[in-house]
Each structure stands twice: as structure tokens, then as C-alpha cells.
Amino acid sequence: MAKKEILSPLPGTFYRRPAPDQPPYKSEGDPVAVGDVVGLVEVMKSFNEVKSEVAGKLVRFLVENEDAVMAGQPLAEVEG
Amino acid sequence: MAIRTLLVANRGEIALRIQRAARELGIRVVQAHSAADRDSLPVRLADAAIEIGPPPAKKSYLAIPAIVEAATKVGADAVHPGYGFLAENGEFADACEVAGLVFVGPTGDTIRAMGDKVEARRLAAEAGVPTVPGSAGRIHELDEAREVLARTGFPVMIKAAAGGGGRGIRIARDEEELARLWPQARAEALAAFGDGGLYLEKRIERARHLEVQVLGDGQRVIHLFERDCSLQRRRQKLWEEAPAVRLDPAVRERLCAAAVRLAERVHYRGAGTVEFLFDEATGDFYFLEMNTRIQVEHPVTEEITGIDLVKAMLEIAGGAPLPFRQEEIAPRGHAIEVRINAEDPARDFAPHPGRIASLELPGGPGVRIDTALYAGYEVPPFYDSLLMKLIARGRDREEALARLERALAELAIGGIPTTAALHRALVRTPEVRAWDVHTAWLEPWLDTNRRLLA
């Protein structure tokens, strides 16, 4: 089982849900395919989808919802 | 009681603007800041600084308990909210008052009344301020719509009563089109919002955005004339002028008087702006909303009136009566502000945080720069993209335009793309020079002039 990471494409604030009153895009343990949206990064009030470039099982998130993230920072760990 | 220590609960250029006003009044300045703003100019220039939370605004500049606690801890007797963030949050104003702090702005009740669009429209109507003609409430049948049309005429907008953000809006240009679009609009509203209620509003074509600056002390209100903010992209202002171009003096007088009546109606305290749609073809204007804070574009008003609005806010918040009488406000010349944002106009205005590798600022007669940038500064990704306001003033609009063009040529921001490229193109555009523009003018212009921005 190879360990892979989903990286933030941009610096900003990371969100796990499309909106505060909606369920998260992905939960720990969920399967992920290439292109799946796993969260949003807000950069200067504009929201950008974070799409997975790897496939497998999302083992755990490495940052909390609404955490500040840097470009290239690992957001989640994927096994597969 | 005059303010002795002020907590500035904002960041960027407006934090610095507030600090400058406070310092000139002999007020001690404490800068509240997030972890991302430790190296910012406002933090460096303040008498003291206090960290209020991590980078995301929700945990710092929007965290009411953290800000109130910081203000108490540093011994501040007043808090200035700037614009954005908590500036129009009635609960924040209340929380300051409860903690024994002066909130530099109107009361929580005024903020809430003007923040509620229906209530604001009602107050405006009560104060004899014209609102956009339309149906009083929701209507369901086309027959009811015909009665409303007697007042609105064509074209008319059909809007979903439960809608928002532009969804479900249709424009009917004649009776036939209305009859065709009505059932569609109803069905769509029902499907999208579970509510088929519609309302009608007169469609103002080629409208300009005019707004009147007011200043009140809770008893008396004066106006500082109007601004024209018709150059907008996706409802975001990019370029603002004072006074409004080609505004008939009689219309100007009615417009400013209407703004004062509304502000008087709510016993307005502090600096505020009453926004209007202006139909140049008929000379009619209609109330849009009132902003209960200092606005980004306030410098153009300061440049033509010679009045420091932020200083006036601080004096009024300290308990002083209005420092000016209406007769003392005499505008002179013309001022233009352009917003330099960290956005790439060549890539559909994508936001672009990053390091300011180099910075060369314009100067000379009639040029004012409001910014918190310095060479080597790292623009953080967490907040809005406004980097700088470049304001040019002249004896008349021609001179202001010439100075703006000259200042934009001197300005050099290295490291990240900015909207300066857009303004260099706009300042040479005939429609802008002739002010043959309206609030929906810029977007199609951008579509056809992309090559000028590359």
C-alpha cells in the first residue's frame, strides 16, 4: 500500500464543505478517484476547488477545516 | 469624552488611514492583527499591537470576543472597525458598548435597520427618498402584474421573491414578452426556492451609480456631496470620482437632500453613504442602500472638500458635535480614485497573493496614495485583494485625468500582477474620458478589449 498525499494547489484557507450547512466533500475512510473534489481553498475571497490527483482511500486529513494552508502543503493522506 | 487610546480592528490600507487620523488628533493607536499580519506596516507603525488570532478572518478580524477582549486588555476606550469585516455588524457595535468601549460608527440599531433591505427601503420611502418603482409585495397572477406596470413601465425585471444573487431574474421589454416569461419565472422560482412568489421592479437601463457622503453626530446631519462609482466589475467598484460628471446642479441638490433626510430619519452618527441608481436619461434617482461605515472610496470626497472624514468620525465618536456646518462644505476641483488590486486582469482577474519584489510609487502635484505596501512585503492570501488606492486630483476633470495617467505611468509594482494594467488601459479609453459609462459598461468592454490587458 503506497502512501500518497493530496496537496493544496494554492495558499489560503482550507474548507472541507461546499457550504457551512452542507456535508463535507470527503470523510476519512472514503474512496477517492483522480479529479474528485476534496475541499475548497479560499484565496482573497475567491473559492477554488481542490481536486485529487491521486486515487485510493482517504486515510486522514492533515489539516483542520478552516485552517490556513500554503501552496503545496499536504492536505490529506491517501492509501492505494 | 475624547478618545485617548484607539484599537484599530482592521488591516491593510484602511488600518493605516485610521492610524494617521488618530495620530493627528493625539490619540494613542493600538493595532489589532492576525498571525498573518505580524509583518504588516500598520503593526509596525502603531504605538502598540496585539494579536487577535490565526490568519483566517473568521478566527481573527471577525472574532468579536477576541477583539473586545484585546481592546479591554490594551486599555483602549474606542474601537474603529474600518470597512468590511465587522464594520456593519450590529452585534459587534453592541458588544463594544456593553464592554464600555466606544464603537466608532452608528448604533447597533442603525446598522441593523440599514442592513435589512426591506426595512431600509421602508425607511427611505418614509423619508421621502425615491426607491425603484415596483410591486409592494409578492404577486402571483399576471393580472396583478399589469397594475404594477402602470407605475414601472417597460422594461421591467421579474424577480423571485425568495431569490437572491441574480437567480431567477428575467427582463421583459413589452407586454407580450411579459406574458411569455411570467409562467417560466413562476415555475423556476417554485422549483428553485419552493416559492412561486414573484415581484416586479422597474429596469433602469444604462444606470449610473451615485452615492452621497453624509456625516452625522446623532442630532445633526450634513452631506459632503456625491461620488460617481459607475465603473464596476461584477458589482465591485474599480474607479470612483467626485463630483459626479455632468450632474445637473438641481438634481445634485435633490440627491444630496434626499440622503440627508434618510440619515436624519435614523439620527445617524458617524460617516455613512447613501447609494443611488441614477437614470441619466430622465434625471431620476432611486435609493439602493445605505452603507453605515467609512467607504473604500472616501478619499475622493476628502480631496474635493478638504475634509478629513476619518478624523471627523473619531471626533464625533469622542462625543464632539459635528465639526462643520453645511455652508462650510464647498467642493473644489475633481478627484479620481482607482483601485489597485492583487488580481491578474489578463487572467479573468484571478487573485494573486505573493511577494512585492519591488515598489516605485508616483508622486508630484495632486497625487495621493493610500496603501500599506512596502517592497519585500508578502501579500497574504487570506483577505481581500485591495493593495492600493491611487487618487489623482485636479482643478477640473481634465487635469485629474492627466495626473492619473501620469501617476499610473510612474507606478511600478514588481512581483505580482495587479489591476494597474487595467487602469492604464481605461484612462486612455474614449468612453471613460467622456464618462459615457454605466454600471454594466465595463464587463462587455473587457470582453472585447482583452488584448489591451495582456
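Start by selecting β7 of chain A and β20 (378–379) of chain B: each of these strands supplies at least two residues of the lining of the second largest pocket. Keep in mind as you click around that this is a predicted model.

**Stop 1: the pocket**

Now show the rest of that lining. The second largest pocket has a volume of about 370 Å³, and 20 residues line it. To find the middle, pick E378(B), V379(B), P380(B), P381(B) and F382(B), which lie nearest the pocket's centre.

Where does the pocket sit relative to the domains of chain B? Domain 1 (5–104) and domain 3 (208–453) of chain B both give residues to the lining, so the pocket lies between them.

**Stop 2: the domains of chain B**

The assignment for chain B lists domain 1 (5–104), domain 2 (142–202) and domain 3 (208–453). If you want a sense of scale, the centres of domain 2 and domain 3 of chain B, taken over C-alpha atoms, are 34 Å apart.

**Stop 3: the sheet in chain A**

Go back to β7 of chain A and bring up its sheet. You'll see an open sheet of four strands in the order β5-β4-β2-β7 (chain A), with antiparallel pairing. β5 (46–51) and β7 (68–69) of chain A are the edge strands, each with a single partner, so one side of each has no neighbour in the sheet.

Next, zoom in on strand β2 (residues 12–15) and strand β4 (residues 37–43) of chain A, an antiparallel pair joined by three bridges. Select T13(A) and look across to β4(A): the residue opposite is E42(A). As a rule, strands of a sheet pair through backbone hydrogen bonds, either parallel or antiparallel.

**Stop 4: a parallel pair in chain B**

For the parallel kind, select strand β1 (residues 5–8) of chain B along with β2(B); four bridges join them. T5(B) has R28(B) as its bridge partner in β2(B). Is strand β2 (residues 28–34) of chain B mostly covered or uncovered? Mostly covered, with six of its seven residues buried.

**Stop 5: a histidine in domain 3**

Last, find H209(B) in strand β9 (residues 208–217) of chain B. This residue has 5% relative accessibility; buried means under 20%, so H209(B) counts as buried.

How values were computed: Residues are numbered from 1 along each chain as its sequence is written. Chains are lettered from A and ligands numbered from 1 in the order in which they are written. This is a predicted model: local features need pLDDT of at least 70, side-chain atom pairs count only at pLDDT 80 or more; totals for chains, interfaces and linings use all residues. Side-chain values use heavy atoms; hydrogens and water are left out. Two strands pair if DSSP finds at least two bridges between them. On a 1 Å grid over the protein atoms alone, a cavity is a set of points where a 1.4 Å probe fits but cannot get out, and a pocket is an open set with protein on both sides within 12 Å along at least five of seven lines; lining residues have an atom within 4 Å of a point. Grid points are joined across faces, edges and corners, and a volume is the space filled by probe spheres set on the points. Domain bounds come from an automatic or database domain assignment. Buried means under 20% relative accessible area, exposed over 50%, partly exposed in between (1.4 Å probe, protein chains only).
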